[in-house]
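Me: I would like to go through this model term by term, asking each time what the words rest on. Please set the values against the definitions.

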Amino acid sequence: MTSDSIDIINAFALLTNFVILPALSYGSQLALGALAVTLVYSVLRFSNFAQGDSMAFGTMIVILLSGFMIGRGWTISGIPTALLVIPIAIVFTSIYLLTMDRLVYRHYRKIKAKSITIVMSSIGVMFVTGGIVRIILGASPQRFADGERFIFSVREFKAYTGLEQGIALKTSQFLTVTIAILLVTFIFYFLQKTKTGKAMRAYSDNKELALLSGINPDKVVQITWLLVAGLTTIAGTLYGLDKGFAPQQYHLLLLPIFASVIVGGIGSPIGAIAGAFLVAFSEVFLTYAYKKFLIYLLPLSMHPSSLVQLIGTEYKYAISFVILVIVLLIKPTGLFKGKVIVDE
Amino acid sequence: MSSLNNFWQSYKAITSYALMSLVLLFVGLNQSWALALGIINMSLISAVMALGVNIQWGYAGLFNVGIMGFAALGGASVVLISQQPVTEAIEAGGIKMLLALALGAATIAAGVLLNRRGANRWLILVIVVIGYIFTRYYFSEASSLIEKVDPAISGYLGGFGIPIMFSWIVGGLAAACAAWWIGKITLSLRSDYLAIATLGISEIIIYVIKNEDWLVRGVKNVYGLQRPVPYEVDMQKSEWLQNIIAWIHRSELQILSHSEQIDKLSDYVREASVVFVELCYSGLFLLILVAFIVLSNLALNSPWGRKVRAIRDNEVAASAMGKDIKRQHLQIFVLGSAIVGVAGALLVTYDGIFISTAYQPLRYTFLIWVMVIVGGSGNNLGSVLGAFIMWFIWIQSGPMGLWAVEMFGNYVQEGNSSLEFIEDRVHYLRLVFMGTILLLIMRFSPGGILPEKNKEL
C-alpha cells in the first residue's frame, strides 16, 4: 500500500485493535465493579469506598492460589490458571467481606447511623484491606496471566485477511467480555426471578415494608455480600489478567467505578453498566493517539506531525472525574434515574 | 478509683495535654531536643490541618476525602510564590504558555456565556472542542520549550520571588478556590457526592503537579526553598548564642583545657543552633495555630456558630427557620479547605523542599482524619490533641516496627531473605494499624478523647 491513498478498512482495523477492543474489555471490568457498588448502595445504603481495595483482595487470593496450582503443575493448557481458582477465591473473599460486615457495618445498621458515618467507616475498611494486600503481596506491579495469550494474533489476522493493519484478540479480552455477559445475565435473572432476589429488591425499595412482610434482613445482607464478593473477585481478576496487578492501580479504580455508578444513576444496575461503558470508551477514545489513524484516512499533504492525542495518558483518571462533574451539573440523577437515599 | 475517674472527667483536657507534654519532654531528655522539637513542629502543622478538617466535619458534617489535594495546592503555591523566576525559561516559552492558558480560559468563558444565553448545545460543543484542540496544541509546544531549559536544575518557570510568608495566604486562597468550585457542584446533592468529588479532585491535583514539569518541576522536586527563619550556619557564627551557651555550660567548661573548651563549645553551639531554628519554627507555627483556634472558637460561639450547629444537628428544622443550608455548607467547606491549604504551605516551608511524590492519601488525608476522630470531632482543642497524639504514634510506629523486626531477626539467621522481605513490607502495617484505630474509635468512642461540649445528645 502506498501511504498517499486513503484506506478506510485499515484505519478501522487499527481503531478496533487499539480502541474498541480495549475499551470493551475495560468497560466490562468496570461494569462488574460498578454493579457491586450498586448492590451495596441499594441494599446496605452507603457508597462503598472499599470497593477498589476489595477487588485487590480478591485478586490477591486468586494470585496466591494460582501460584500454588502452577507450582504443583495443576494447570490446563490454554486456560489461565487464575480462572480455575476463581470459585475458591470467591469463597475466601466472601468470608472476608462478611467478617468486615459483622465487625464494622452491622453496628451502624443497628444504630441507624447517618449514611456518611458508614461511608467513613468504609474508608477505614479500605485502608485495612489495602494494607493487608500490600503486606502479603507487596506494592509492586506483577503479572499472573498464563496460558495462551491470544485467541488470534496480529500475524494470524494479517495472513487471513491480507490487511496491512492487524487485529489481535487477547484471551483476557475475550474472557472478560464473555464472563461479564454471563455474570450480568445471572445477576439480573437472580434479582428479577428468584425469591431471594425479589426479597432483596423489596428490602432495597422499602425496608420497613419488607420487614413487615417477613423478609429476614440478615439473610438479605448476607446474600448481598456474597454477590458482591463474586462480582468483586471476578472483576478484579479479569482486570488483572488484562492489565496486570498493582494495589495502587486497584485502589484508584474507585474513581472510574464511582463515576460509572453516578453517571448511570446511583442505585440502578442497568445504569451502572451503561455508565461503565461510557466511562471506559471516553477514557480510551480521548487518550488514544490518532496519528496513525489519520495517516490512513487523510491524503499525504494533510498528514499530522504530532501524536494527535486529545488528552495525555497520565490524565486518564481525570476523564472519569470530568464526566462525573458534567453529569452532576447537567443531570444529577444520572442517565437512568437512580434513587436517593434519605437518612432515617 | 471513682475519684480518679471524676478527676479525669473534669480535667480531661488539661490532663491529656499534660500527659502529652510529659511524653515529649521524655523524648527531649532521652533522645534529643531537636527530635522532640521536630515532632512538635510537625504536630503543630498537622494540628492546623486537623483544625480545617474539624471545621468541615465537626461543624457541618461535611466529609472531605481530598485533604491531600488541598494540602498539595498549598505546597505548590509555596514554590510558585517564593522561588526566583527562571528568566531563560520565561523567555523561551513564558509568553506562549500565557497565551495558551488565556486561550483555554477564553474557551471556557465562551462556553459558559453561550450556555447562559441559551445558545444551541451543539454549537457550544463545537466551539469548546475547537478551542480545546488549539489550546492543547499551543500548550504542549510551550511546555516542551520551557521544560527544555536546563532540565537538570530548572526546566520550569520558577516563581515570583516574593517572601515565603505570602505563599501561606496564597496557598489558602488556592485551596479555597478549588473548594468553592467543588462545593458549588456537589453540596446541593447527596452527602456522599462531596466525598467522591473531593477524592477525585485531590487525585487530579496530584496528577497535574506530578506531570506538569513546567509548573513545579513534576517529580523532579524543588530544592532549597526560602526560609522564614535564620539558617543554622549563621546562628553558629552569632556571638550572643555562643555567649549564652558558654554561660549555660560554664561549670563543665571551666575544668577543661583551653583547646578542649573550644571543641566542646563548638559542639554545644552546633546543637543549640539546630534547637534554636526549630524553636523559631515552633513559635511561628504556634502563633498561626493559636490564631486559627481563637478565631474559630469565637466564630463558633457567635450567632453564626449557633446557626452552623443548628443546621448540623437538624437540617430540616434549620431550613424551616429560613436558614440557607447550601450557602452555609459552602462557606464552611471553603473555610476549612483554606485552612488545610495554609497548613499544606506551612508543611512545605518547614521541609524546605517540595516533593510531589510525598502527597499520599495515607498520610495527608487519612492520618488527618484519624487525628480529628481520635481527638474528638467538633472540638478544636480535641483536634489539636489528636494531632499531637497521632503524629507521635505515626512517627514512632516506623522505628518500632523495624525494632520488632530486628528482635525477630535475632532469632533468624543474618542475611536471611525472609527478613528482608518482612522489612520491605512492615511499613504497610501502618495502613492496617491506622485503619483499625479509626474503626475502633468510631465504634466504641465516637466522641473521641475530648468530645464536643455543645453537642445535643
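Reply: Among contacts in chain A between residues at least 6 apart in sequence, 77% join residues at least 24 apart, where a contact requires that the C-beta atoms, placed from the backbone, lie within 7 Å. This is a predicted model, in which local features need pLDDT of at least 70 and side-chain atom pairs count only at pLDDT 80 or more, while totals for chains, interfaces and linings use all residues. Residues are numbered from 1 along each chain as its sequence is written, and chains are lettered from A and ligands numbered from 1 in the order in which they are written.

Me: Why is α6(A) called roughly perpendicular to α7(A)?

Reply: The axes of α6 (residues 171-193) and α7 (residues 195-205) of chain A cross at roughly 75° and come within 5 Å; axes are lines fitted to C-alpha atoms, for helices over the stretch in contact, with angles running from 0 to 180 degrees between N-to-C directions. Angles of 65 to 115 degrees count as roughly perpendicular, and therefore α6(A) is roughly perpendicular to α7(A).

Me: Which residues make that contact?

Reply: A:Phe190, A:Leu191, A:Gln192 and A:Lys193 come from α6(A), and A:Gly197, A:Met200 and A:Arg201 from α7(A). By class, the contact of α6(A) with α7(A) has 3 nonpolar, 2 polar and 2 charged residues; Ala, Val, Leu, Ile, Met, Phe, Trp, Tyr, Cys and Pro count as nonpolar, Asp, Glu, Lys and Arg as charged, and the others, Gly among them, as polar.

Me: How do you know that the radius of gyration of chain A agrees with that of a compact globule?

Reply: The globule rule is 2.2 Å times the number of residues to the power 0.38, and the radius is taken over C-alpha atoms. For 344 residues a compact globule would have a value near 20 Å, and chain A, with 22 Å, therefore agrees. The C-alpha atoms of chain A fill a box of roughly 75 × 55 × 40 Å along the principal axes.

Me: What makes up the side of chain A that touches chain B?

Reply: In all, 33 residues of chain A are in contact with 32 residues of chain B. Helices α3 (81-110), α4 (115-137), α11 (254-264) and α14 (316-330) of chain A each supply at least two residues of that side, helices being DSSP runs of H or I with at least four residues, numbered from the N terminus. The most comes from α4(A), with 14 residues, and the residues of this side of chain A divide into 22 nonpolar, 9 polar and 2 charged.

Key
Two residues are in contact if their C-beta atoms, placed from the backbone, lie within 7 Å. Angles under 35 degrees count as roughly parallel, over 145 as roughly antiparallel, 65 to 115 as roughly perpendicular and the rest as oblique.
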